[in-house]
Amino acid sequence: MSAITRDEVAHLARLARLALADEELDHFAAQLDVIIGAVARVAEVAADDIPPSSHALPLTNVYRPDEVRPGLAPEAALSGAPAVEDGRFRVPRILGEEA
């Protein structure tokens, strides 16, 4: 027996405001039946004693230790800038902003 009928597909199409031809209704009913069957098989396999997981294998993030290192001096950071003003990058004004 089919899990979803042609009338149910037509109803869903109306709810979604989709215009489907008669042959499309039959086609989608068959496809949805296969999908519902696959979901039912997964539900049969799922057991209460198996914890939900997002990955098949356990994952562990590897982080390097935080170490303080000297950063770039302001003069070195600004050395390649096309325009500098008051120790900052000078950029063109945008969106008509007021200074």
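Predicted model: local features only at pLDDT ≥ 70, side-chain atom pairs only at ≥ 80, totals over all residues.
The protein has three helices and two strands. Read from the N terminus, these elements follow the order α-α-α-β-β. The radius of gyration is 31 Å, well over the 13 Å that the globule rule gives for 99 residues, so the protein is more spread out than a compact globule. The C-alpha trace spans about 75 × 45 × 20 Å along its principal axes.

Of the 99 residues, 8% are buried, where buried means under 20% relative accessible area. The protein exposes about 9400 Å², and carbon and sulfur atoms supply 59% of that area. Taking the contacts between residues at least 6 apart in sequence, 26% join residues at least 24 apart.

The next stop is the largest pocket, which holds about 210 Å³ of space. Which residues line it? The lining consists of Glu85, Arg88, Phe89, Arg90, Val91, Pro92 and Arg93. Sorted by class, this lining has three nonpolar residues and four charged ones, with no polar residue. Rolling a probe the size of a water molecule over the atoms shows where empty space is left.

Glu85 sits in strand β1. Its relative accessible area is 38%, so Glu85 counts as partly exposed, a class that lies between the limits of 20% and 50%. Glu85 and His11 are 74 residues apart along the chain, and their C-alpha atoms are separated by 66 Å.

Arg88, also part of the pocket lining, belongs to strand β2. Is Arg88 buried or exposed? Its relative accessibility is 53%, and Arg88 therefore counts as exposed, the limit for that class being over 50%. Once neighbours within four places in sequence are left aside, Arg88 is in contact with Leu78 and Ala83. Between the C-alpha atoms of Arg88 and Ala10 there is a separation of 64 Å, and these two residues are 78 apart along the chain.

Between the two strands runs a loop, from β1 (84-85) to β2 (88-89), and Asp86 lies in that loop. The backbone angle phi of Asp86 is near 55°, a positive value in a residue other than glycine. Asp86 has a relative accessible area of 65%, which means that it is exposed.

The relative accessibility of Arg17 is 79%, so Arg17 is classed as exposed.

The pocket lining draws on Glu85 and Arg88, among others, with Glu85 in β1 and Arg88 in β2.

Terms used: Residues numbered from 1 in each chain as written. Heavy atoms only, no water. 1 Å grid on protein atoms, 1.4 Å probe; cavity = no way out; pocket = protein on both sides within 12 Å on 5 of 7 lines; lining within 4 Å. Points joined across faces, edges and corners; volume = space filled by probe spheres on them. Nonpolar A, V, L, I, M, F, W, Y, C, P; charged D, E, K, R; others polar. Buried < 20%, exposed > 50% of the residue type's maximum accessible area, 1.4 Å probe, protein only. Helix = DSSP H or I, 4+ residues; strand = E, 2+ residues; numbered from the N terminus. Contact = heavy atoms within 4.5 Å. Rg over C-alpha atoms; globule rule 2.2 N^0.38 Å. Areas by Shrake-Rupley, 256 points an atom, 1.4 Å probe, with all protein chains shown as cover.
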